[in-house]
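Please keep the structure in view while reading the points.

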Amino acid sequence: RTVYVNGEYVPEEEAKVSVFDRGFLFADGVYEVTSVLDGKLIDFDGHAKRLERSLNELDMDMPMGRDALLDIHRELVRRNGIGDGLIYLQVTRGAADRDFAYPEGATPTVVLFTQAKPGLADAPLAKEGMKIISIPDLRWGRRDIKTVQLLYPSMGKMAAKAAGAHDAWMVEDDHVTEGTSNNAYIVKDGTIVTRHLGNEILHGITRAAVLRFAREAQMQVEERAFTLEEAKQADEAFVTSASTFVMPVVSIDGVAVGEGVPGPVATRLRDIYLEESRKAAI
Ligand code: PMP
């Protein structure tokens, strides 16, 4: 694979980042994951805008303009022959002598790589549905910044795996915040419910698109916190993320949601999302 590191395209074996990089020492960096379908980028502009917002929240600037960033994404897709897959982008504050305070004038580290995922949009799990467990949300309080600090979500995925489930939803004050790497939704009496935006969750790019498509299709949407109990008694549940699109959830802590199979709303939203996103892909 060819990867991009600080202005250069290099074979992955030759790519180097300093041991003093603050991404490595302090998780002082942010990331984005953009999906690629048929060689085209899904919602590139949404991801570029969120990247800028995450960086700004940490007093960092965009390392380059939107068009230069797009060129790098496209060049990696081309060089690595990606049909369906993902592009991972990470920007850290850069290397500096270890000190908690932000260094003056450090040069940001910019890394991008691809992951080939043939058949990404036809994941068998979309037909089967995900089993999830609940865990307390023990992350920090600025989950709206997409930092590379992902150890707690990793622990959550491991706990899910150990319980024979696919993923975990995180719960704070009895209310679901989000999944370990996705936004969480329930459907009750035809209304789609998902947590309102705030510092407690990541502002999903897929979430924004899915809510727009749902409203355009005259579906009822409520942006508010819901409890774990409500979720277990919902008609349907699902998650959204750039890498899984819309993914039905069929059980929570061993309790079947609705009929215990992917529901009609989640299935329809997945179809609409994929169709519209492919049309708008660049
Ligand atoms: N919440 C969390 C905690 C995530 O890690 C992600 C995916 N990175 C999402 C939500 C979904 O965001 P997006 O739709 O932009 O991929």
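1. Buried residues make up 39% of the 282 residues in the chain. A residue is buried if 20 or more other C-beta atoms lie within 10 Å of its own, exposed if 12 or fewer, and partly exposed in between, with C-beta atoms placed from the backbone. This is a predicted model: local features need pLDDT of at least 70, side-chain atom pairs count only at pLDDT 80 or more, and totals for chains, interfaces and linings use all residues. Residues are numbered from 1 along each chain as its sequence is written.

2. The chain has 8 helices and 15 strands. These are DSSP runs, numbered from the N terminus: helices are H or I with at least four residues, strands are E with at least two. The radius of gyration is 19 Å, close to the 19 Å of the globule rule for 282 residues, so the chain is as compact as a globular protein of that length. That radius is taken over C-alpha atoms, and the rule is 2.2 Å times the number of residues to the power 0.38.

3. Look at helix H2, residues 44-57. Its 14 residues should span 20 Å at 1.5 Å a residue, and its end C-alpha atoms are 20 Å apart, which agrees. The expected span is 1.5 Å times one less than the number of residues.

4. Which residues of H2 are buried? They are Phe44, His47, Ala48, Arg50, Leu51, Ser54 and Leu55. Seen down the axis of H2, they fall within an arc of 165°, so they line one face of the helix. The arc is that of the directions from the helix axis to the C-beta atoms.

5. Now the residues with positive phi. Most residues other than glycine have a negative phi. Asp43 has phi near 55° and sits in the loop between E4 and H2. Asp43 counts as buried because it has 20 C-beta neighbours inside 10 Å. Just after H2, Asp59 also takes a positive phi, about 55°.

6. Asp253 has phi near 50°. Its place is the loop between strand E14 (245-252) and strand E15 (255-256). With 16 other C-beta atoms within 10 Å, Asp253 is partly exposed.

7. Finally, the ligand. Of the 13 residues around it, Leu202, Gly204, Ile205, Thr206 and Ala242 come nearest. A residue is near if its C-beta atom, placed from the backbone, lies within 6 Å. H6 gives the largest share of the shell, 3 residues.
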